[in-house]
Amino acid sequence: MASRVKINNIKELEKRKNSTHPSLVNIRKILSLLKNPQKNLGITIGITGTNGKGSVAKTLSTILNDSNLKTGLYTSPHLYSINERISIGKKNIPTKELNQILTEIFETEIKANIKLSFFELITVVAIIFLSKKKNIFNIFEVGLGGRFDATNVIDSDISIITNIGKDHKEYLGNTLLKIAKEKIGIIKKDSFFITGMKPYPFYRVKDYILKKTKKIYIFKKDFQIENNKEFYKYENLTFKPSLKGSHQIENMALVLKTCSIIKNNLGFNLKNQNIVDSLESVKWEGRFSILSSSPYKIVDVAHNYEAIKVLVQNVKKITSKKFIVILGMLNDKDPIKCINELLNIANKIILFKVNNQRTFIPEKIAKKINNKKVVLGKSEELGALIEKDINTLYCGSIYFIGDLLKKYKNLRSC
């Protein structure tokens with residue numbers, strides 16, 4: 001189809017903002033005009049939760065692709081390039097196809113007199129691209145919440161909720177129960193539902209879930225995983241995970257329960273050795289990545305209080321030494337609470353702005369905390385801090401970590 005849209009497609013996509021009033025009306029209209037590609041996605045898996053959903057999605061995708069079960073993956077946000085959000089196996093969506101699909105969507109928007117938000121737009125791209133590839137499985141990580149998230153136009157066969165914490169309170173509500181009610185909106189009629197939710201708020205929303213499905217599997221109640229020093233054990237599988245940190249125990253349990261369902265309920269041949277090999281080789285950059293151990297240089301995209309708390313626990317498990325913490329956060333992630341937690345392992349915390357309109361303002365945060373250990377950083381100093389021969393922890397928003405890792409790799413290649 002010849003393009004009538006005279007714009008740079010990817011730049012136009014990146015200019016779009018996310019909606020402040022989530023709804024599925026516009027995305028459903030556009031998909032309808034595009035002949036509902038979401039109905040041609042094979043077996044779909046939807047994943048939401050406050051933390052860990054990306055690790056679960058990436059690990060599950062790796063296992064399935066390594067088992068010769070062609071699987072598409074949609075995650076967000078990205079570290080380096082928007083192409084990372086949509087992939088099959090180890091290959092991201094090619095820029096040429098991304099541009100072509102965007103042209104098709106922009107032309108449909110003009111016909112419908114609708115302008116999608118950023119996340120709606122990239123979700124439609126993912127749906128179109130993955131539906132054309134005839135994958136056996138497609139995994140979609142929810143962007144925000146569940147009920148009104150753009151990914152919820154997809155009828156998932158398996159729904160996973162990793163956990164529930166207080167994040168995105170301005171959109172989802174300020175209590176665990178309100179947030180849980182939004183996230184369980186991804187559960188589809190008679191789908192398999194796997195969760196790491198704690199008893200509260202699970203039992204407050206259980207009746208609603210039962211109206212949707214009886215196929216419910218709860219971590220620590222219906223399935224377990226054992227951690228023996230460096231090794232994990234799940235049923236008859238023993239493995240040493242490549243993804244580090246105690247929080248990965250729960251994530252791996254959710255992945256392995258999903259594999260059991262795919263094998264035993266859906267009838268696919270997942271060999272134990274293939275699963276173990278994938279668990280021991282999967283890479284998910286920026287997730288408690290130890291770049292060096294002498295001195296320690298650790299990178300983690302912990303970006304809210306629940307994740308920061310786990311990060312501090314994981315650091316304490318590997319060393320009692322104090323760190324220089326390089327931190328960039330979004331303002332809506334309760335940065336003061338996060339910084340107070342990080343002070344448990346820090347002899348200095350250096351604050352940097354994030355290249356995002358939602359960034360915290362380091363000067364305001366430092367003033368409110370009023371602690372000599374919390375200081376302001378300048379962007380031109382970041383390179384020197386990266387090269388400094390001292391225990392350093394880089395953490396915060398994925399937007400900040402992506403920029404930092406680019407700088408780190410550039411310095412290493414010099």
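View 1. Among contacts (heavy atoms within 4.5 Å) in the chain between residues at least 6 apart in sequence, 73% join residues at least 24 apart. This is a predicted model, in which local features need pLDDT of at least 70 and side-chain atom pairs count only at pLDDT 80 or more, while totals for chains, interfaces and linings use all residues. Residues are numbered from 1 along each chain as its sequence is written, and side-chain values use heavy atoms, with hydrogens and water left out.

**View 2. The overall dimensions of the chain.** Along its principal axes, the C-alpha trace spans about 60 × 55 × 45 Å. Of the 414 residues, 56% count as buried, meaning under 20% relative accessible area with a 1.4 Å probe and protein chains only.

**View 3. The largest nonpolar core.** A nonpolar core is a set of buried Ala, Val, Leu, Ile, Met, Phe, Trp, Tyr and Cys residues joined through side-chain atoms within 4.5 Å. The largest one has 40 residues, and those with the most contacts inside it are Ile-45, Ile-160 and Ile-225. Helix 9 (residues 248–264) gives the largest share of this core, nine residues, where a helix is a DSSP run of H or I with at least four residues, numbered from the N terminus.

**View 4. The surroundings of Ile-45.** Leaving aside residues up to four places away in sequence, Ile-45 touches several residues, including Leu-60, Phe-137, Phe-140, Ile-160 and Ile-262.

Key. Buried means under 20% relative accessible area, exposed over 50%, partly exposed in between (1.4 Å probe, protein chains only). Helices (H or I, at least four residues) and strands (E, at least two) are DSSP runs, numbered from the N terminus.
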